[in-house]
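Let's take a walk through this model together, with the coordinates open beside the text.

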Amino acid sequence: MAIVLAIETSCDETAVAIVNNRQVESSIIASQIPVHQQYGGVVPEVASRQHLETINYAIAQAMEQAKLSWGEIDGIAATCAPGLVGALLVGLTAAKTLAILHKKPFLGVHHLEGHIYATYLSEPSLEPPFLSLLVSGGHTSLIYVKECGIYETLGETRDDAAGEAFDKVARLLKLGYPGGPVIDKLAQQGDPIAFTLPEGKVSLPGGGYHRYDGSFSGLKTAVLRLVQQFEKDGKEIPVADVAASFQQTVARSLTKRAIACALDYGLNTIAVGGGVAANSGLRKILQAAAAEHNLRVLFPPMKFCTDNAAMIGCAAAEHLSLGHTSPITLGVESRLALTQVMKLYQSAG
Ligand code: KG4
Ligand code: ZN
C-alpha cells in the first residue's frame, strides 16, 4: 500500500495527482490546449514555460483536494520519459525537490507505463497478464503486460501513431487541434461507409501481411487525395462522412490487430490506454469484436484516457510497494522503450 503524489508534464498538460494505490484521492489537469491551438500543435518551448507557471499551483491544489498532509505521502513521482525534454524537466525537477524537502522516496515513471496503469483506475482488480493496446498521440503498440515493469512489444505502427493520424486528418479537414475529439464528434453525424479507405496493412517480404503491425500514413494520404478531389471538382467536402469513414477505418484496423494478438497469445483481456482510448468508434467496434471471441475489453475512465497524473501515480504506487525507487540523479529522456522501464529503478535491499 502506498500513497503517491505524482506529476505529469511530458507534453501539453500540467497534471498533479495523489493516488492511494489504485484509488485517486485528487487529480488536477491544467490543459495547455488553448495556448497551443493558435499554432496548430504543441510548441515545445511554450509548453515548458506554461508548465513552469502552473506547476506549483497544481501541486498545492492536489494537496488541498486530497486533504492529506505531507507526512501521509509515501513517495513522490514524475514522468521522466518519453516526451518533450524541456517539459519533462519541469515536472521531474519539481518532484525531486519535493522528495528531498519532505524526505520521501523518489520515482521516475515511463509515460506509457502510466497509460497502461490508467485502466487499473477503472478496474482495480485487474492483474497481469493481459494485452495492452496503447493508442496515443505519439505511440500505437500492442504490449504484452507480464508484470509490473515487465513488458514485451508485440506489434506497433510503422509510421504515424493513431492519435497523430487523427490530428493530421483534422488539420487537413481544417478542424483545428487536437483532432481526435473533433473528428469523434463529427463522425457521429456522418456515414462510416461513405468512403472506402486503406486499413494500413504491412506486407511481409515472403507474402501476406503482418498480423500485429500496421501503418497509418497511407490512410492519411488517402484522405488527402479525397479532399483534393472534392476541391478540384469544386464540390463541398462532406466533412462528417470523411470523418466517420476515417474513424471507422482506424477503429477496424486497431481492432483486427488487437483481437488477433490476444487470441494468438492466449490473453483474454485487452486493456486500452492513451488518448485514442476515448474514441467512441474504437470503443464500440473493439467491444463488439471482443464479445464475439469471448474476450474482455477494458478502458480507463474517460478523463484518464488522455494525459493525466493519476495514471503516473498508480504505476508509481505499485513500483514503490515492490520496493522500487529511482536514484535522485535520474534524468529525462525524449525516447525510451517500454521494455527499458526497470532501468529507472533500484530495488531496496
Ligand atoms: O495520450 P495523449 O493525451 O497524449 C500522448 O501521450 O500522446 O493522447 C493525445 C492524442 C491526440 O492525438 C488526440 O487527438 C487523441 O489522443 N484523442 C483522440 C480522442 N481524444 C483524444 N483521438 C480520437 N478520439 C478521441 N475522442
Ligand atoms: Zn500520453
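A word on ground rules. This is a predicted model, with local features needing pLDDT of at least 70 and side-chain atom pairs counting only at pLDDT 80 or more, while totals for chains, interfaces and linings use all residues. Residues are numbered from 1 along each chain as its sequence is written, chains are lettered from A and ligands numbered from 1 in the order in which they are written, and side-chain values use heavy atoms, with hydrogens and water left out.

**The zinc site**

Start with the zinc ion (ligand 2). Its protein donors are His111 (NE2), His115 (NE2) and Asp307 (OD), at 2.0 to 2.1 Å. Donors here are N, O and S atoms within 2.8 Å of the metal (3.2 Å for Na, K and Ca), and water is not among the atoms, so sites may look incomplete. Along the sequence, the donor spacing reads H-x3-H-x191-D. His115 sits in helix α4 (residues 111-117) and Asp307 in the loop between β12 (296-298) and α10 (310-321), so this pair ties together parts 192 residues apart in sequence. Helices (H or I, at least four residues) and strands (E, at least two) are DSSP runs, numbered from the N terminus. Both His115 and Asp307 are buried, where buried means under 20% relative accessible area, exposed means over 50%, and partly exposed is in between (1.4 Å probe, protein chains only).

**Around ligand 1**

Ligand 1 has 20 residues around it, and the closest are Gly137, Asp167, Asp184, Asn279 and Asp307. A residue makes that list if one of its heavy atoms lies within 4 Å of the molecule.

| Residue | Protein atom | Ligand 1 atom | Distance |
|---|---|---|---|
| Gly137 | polar backbone atom | oxygen | 2.7 Å |
| Asp184 | side-chain N or O atom | nitrogen | 2.9 Å |
| Asn279 | polar side-chain atom | nitrogen | 2.9 Å |

Taken alone, ligand 1 exposes 560 Å², and the protein buries 88% of that. Accessible areas come from the Shrake-Rupley method with a 1.4 Å probe; for residues, only the protein chains shown count as cover. Helix α6 gives the most to the shell around ligand 1, with four residues.

**Strands**

Five of the five residues of β5 (residues 106-110) are buried, so this strand is largely enclosed by the rest of the structure. Strand β4 (residues 75-81) pairs with β5 in the parallel sense over five bridges; pairing takes at least two DSSP bridges between the strands. Ala78 has Gly108 in β5 as its bridge partner.

Two peptide bonds are worth a look. Ala81 and Pro82 are joined by a cis bond with omega about -20°, and Pro82 is in the loop between β4 and α3. Tyr177 to Pro178 is also cis, with omega near -10°.

Asn21 isn't a glycine, yet has a positive phi of about 55°; at 19% relative accessibility, Asn21 counts as buried. Lys174 has phi near 60°, again positive in a residue other than glycine, but at 69% relative accessibility Lys174 counts as exposed.

Methods: A polar contact is a pair of N or O atoms within 3.5 Å; within protein, one must be able to donate a hydrogen and the other to accept it, and residues adjacent in sequence count only if both atoms are side-chain atoms.
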